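The stops below give what to select and what to look for at each one.

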Amino acid sequence: VVDIGATGSWEDTRLDDPNPVIVGDSIYLYFKGLTEGGGDSRKLGLAKASLKNLEFKKREKPILAINGGLEMPRVFKHNNEWHLFLRSFDPGSNSLWQHFSSKNGLKWLPQNLKFWNKDFPKSDVTDMSLLFGLNGKILNQPNNIIATGMENDIMKLWYLNLEITNE
């Protein structure tokens, strides 16, 4: 669907962690792109296609890069605002997950860079998902998420309600 970039580009090694978002007649495909070396080379990319032809056009440059790199973008649109959760490898953040928001799905502003910080009991959250119905729509409670991870050496599944505020 989407090819890696040319040699020397920011995503010339691998594209991982796809997260498609359907808005109207378009599919926005968010992904982690990386080049040799890992670390800071893990950045957020975006490709967009029409539902009619499914021909994805990838943006040439990453839409988000953070210190230490990122992975597992989880993107959704709610009430005309885009939300992005991602795993952060920023050594100074004291957090595994970070939350960003956007008005257009391209320019991301930090909302909570210590989402599930290391002092929170669920600090070992390894993945999270929104709950969708069979029709692809977010269920009646759009702020419900499922998180998985380890707690006291036991794999856990948490059902959480995410409160989104615009402070």
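## Aromatic cluster

Start by selecting Tyr28 and Trp82: both residues are buried. This is a predicted model. Tyr30 is in strand E2, while Trp108 is in the loop between strand E7 (95–102) and E8, so the pair ties together parts 78 residues apart in sequence.

How buried are these two side chains? Tyr30 has a relative accessible area of 0%, and Trp108 has 7%. Both values fall in the buried class because that class covers anything under 20%.

Now widen the view. The structure holds five aromatic pairs. One of them is Tyr28 with Trp82, an edge-to-face pair at 5.2 Å centre to centre with 70 degrees between the planes. That pair also links distant parts of the chain, with Tyr28 in strand E2 and Trp82 in strand E6 (residues 81–88), 54 residues apart. With all four residues selected, you have a cluster linked by ring pairs: Tyr28, Tyr30, Trp82 and Trp108.

## Salt-bridge network

Clear the selection and pick Lys32. Which residues form salt bridges with Lys32? One is Asp17, with the closest N and O atoms 3.5 Å apart. Lys32 lies in strand E2 (residues 26–34) and Asp17 in strand E1 (residues 14–23), so the bridge ties together parts that are 15 residues apart in sequence. Lys32 is buried, at a relative accessible area of 5%, whereas Asp17 is partly exposed at 22%.

Another partner of Lys32 is Glu71, where the closest N and O atoms are again found 3.5 Å apart. This pair links distant parts of the chain: Glu71 belongs to strand E5 (residues 70–78) and Lys32 to strand E2, 39 residues apart. Glu71 is buried, with a relative accessible area of 16%.

Move on to Asp16 and Arg14. These two form a salt bridge in which the closest N and O atoms are 2.7 Å apart. Asp16 has 19% relative accessibility and counts as buried, because the class takes values under 20%. Arg14 is partly exposed, at 41%.

To see how these bridges connect, select Arg14, Asp16, Asp17, Lys32, Glu71 and Arg87 together; they are linked in a network of salt bridges. The structure holds seven salt bridges.

Ile22 sits in strand E1 and is exposed, with a relative accessible area of 58%.

## Pro110

Finish at Pro110, in strand E8 (residues 109–117). Is Pro110 buried, partly exposed or exposed? Its relative accessible area is 46%, so Pro110 is partly exposed.

Now show what surrounds Pro110. Leaving aside residues up to four places away in sequence, Pro110 touches His99 and Phe100. Draw a distance between the C-alpha atoms of Pro110 and Phe100: they are 4.3 Å apart in space, and the two residues are ten apart in sequence.

Note on methods:
Residues are numbered from 1 along each chain as its sequence is written. This is a predicted model: local features need pLDDT of at least 70, side-chain atom pairs count only at pLDDT 80 or more; totals for chains, interfaces and linings use all residues. Side-chain values use heavy atoms; hydrogens and water are left out. A salt bridge is a side-chain nitrogen of Lys or Arg within 4 Å of a carboxyl oxygen of Asp or Glu. Buried means under 20% relative accessible area, exposed over 50%, partly exposed in between (1.4 Å probe, protein chains only). Helices (H or I, at least four residues) and strands (E, at least two) are DSSP runs, numbered from the N terminus. Contact means heavy atoms within 4.5 Å. Rings of Phe, Tyr and Trp (its six-membered ring) pair if their centres lie within 6.5 Å; planes under 30 degrees apart count as stacked, over 60 as edge-to-face and the rest as tilted.
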